Amino acid sequence: MEAPEKSEETVSNYTPRMAGTVNWGTATVVGVFAGLLYGGSREASASVSKDAEVMLKLGSTADKREQHRLMRDAMEKRFVRVARGSLIGGVRLGMFTAAFYSLQNLLAEKRGVHDVLNVVAAGSATASTFGLIMPGSLQWRARNVALGSVLGAAICFPLGWLQLKLIEKANEGNMAANPGSETRSGVGAAIERLEGNLNK
């Protein structure tokens with residue numbers, strides 16, 4: 001007697017991303033690089049006054065070796081300051097970006113809809129969290145949390161609205177370009193466009 005075969009199905013936990021949600025990994029990398037540029041440029045512009053001090057010391061020193069040593073020390077210190085500022089800026093903005101976009105995507109997935117409320121809630125929660133970890137007394141941190149929550153929501157509301165309007169316009173353009181096909185995003189849409197261009 002043969003036992004009936006049981007077919008096993010694999011269960012996938014993968015859920016497709018909602019239209020309009022941002023890949024938080026890509027956004028974090030962009031945030032890190034933007035922070036690197038901002039932090040480095042801020043430190044480079046702040047070190048201009050320190051360079052003026054070195055120039056004054058150079059003018060008062062007649063020995064060429066001493067002038068060379070002063071100049072080398074000043075350049076080394078400037079390099080270290082700019083590199084340190086770049087790294088700190090990159091880490092700070094990268095952490096903020098990762099927290100914001102991961103929270104925004106989590107809210108969109110749990111609520112089942114991508115709207116302005118997700119962007120506002122993510123901005124408010126992220127800004128208040130970073131206000132909490134700022135140095136200072138407990139009262140100062142409470143003030144930073146409240147201020148971060150309000151400012152995060154106030155800044156993210158118009159940005160979230162703008163993001164949704166841009167997504168709607170992009171979807172209208174996709175529907176107008178491909179009236180008979182379903183809306184696709186990402187790699188699938190790029191492959192279809194490439195195939196369409198090659199077939200012409």
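Where does UniProt place the feature "transmembrane region"? The unreviewed entry puts it at residues 22-40, 82-104, 116-133 and 145-164. The views below come from a predicted model, so keep that in mind as you look around.

View 1. Start with residues 22-40, a stretch that is 89% helix and 0% strand. Its end C-alpha atoms lie 27 Å apart. Now turn to residues 116-133, where the chain is 94% helix and 0% strand. Here the end C-alpha atoms are 26 Å apart.

**View 2. Helix α3 from end to end.** Helix α3 covers residues 64-111, 48 residues in total. From its first C-alpha to its last it reaches 70 Å, close to the 70 Å expected at 1.5 Å a residue.

**View 3. Where α3 meets α4.** Helix α4 is made of residues 116-132, and its axis comes within 8 Å of the axis of α3. The two axes cross at roughly 140 degrees, and α3 and α4 are therefore oblique to each other. The crossing of α3 past α4 is right-handed.

**View 4. Side chains at the α3 and α4 contact.** On α3, the contact is made by M95, F96, A99, F100, L103, Q104, L107, A108 and R111. Facing them on α4 are L117, N118, V119, A121, A122, G123, A125, T126, A127 and F130.

Key
Residues are numbered from 1 along each chain as its sequence is written. This is a predicted model: local features need pLDDT of at least 70, side-chain atom pairs count only at pLDDT 80 or more; totals for chains, interfaces and linings use all residues. Side-chain values use heavy atoms; hydrogens and water are left out. Helices (H or I, at least four residues) and strands (E, at least two) are DSSP runs, numbered from the N terminus. The expected span of a helix is 1.5 Å times one less than its number of residues. UniProt positions are given in the numbering used here, feature names are shortened, and annotations may be inferred rather than shown by experiment. Axes are lines fitted to C-alpha atoms, for helices over the stretch in contact, and angles run from 0 to 180 degrees between N-to-C directions. Angles under 35 degrees count as roughly parallel, over 145 as roughly antiparallel, 65 to 115 as roughly perpendicular and the rest as oblique. A crossing is left-handed if the near helix is turned anticlockwise from the far one by less than a right angle, and right-handed if clockwise. Contact means heavy atoms within 4.5 Å.
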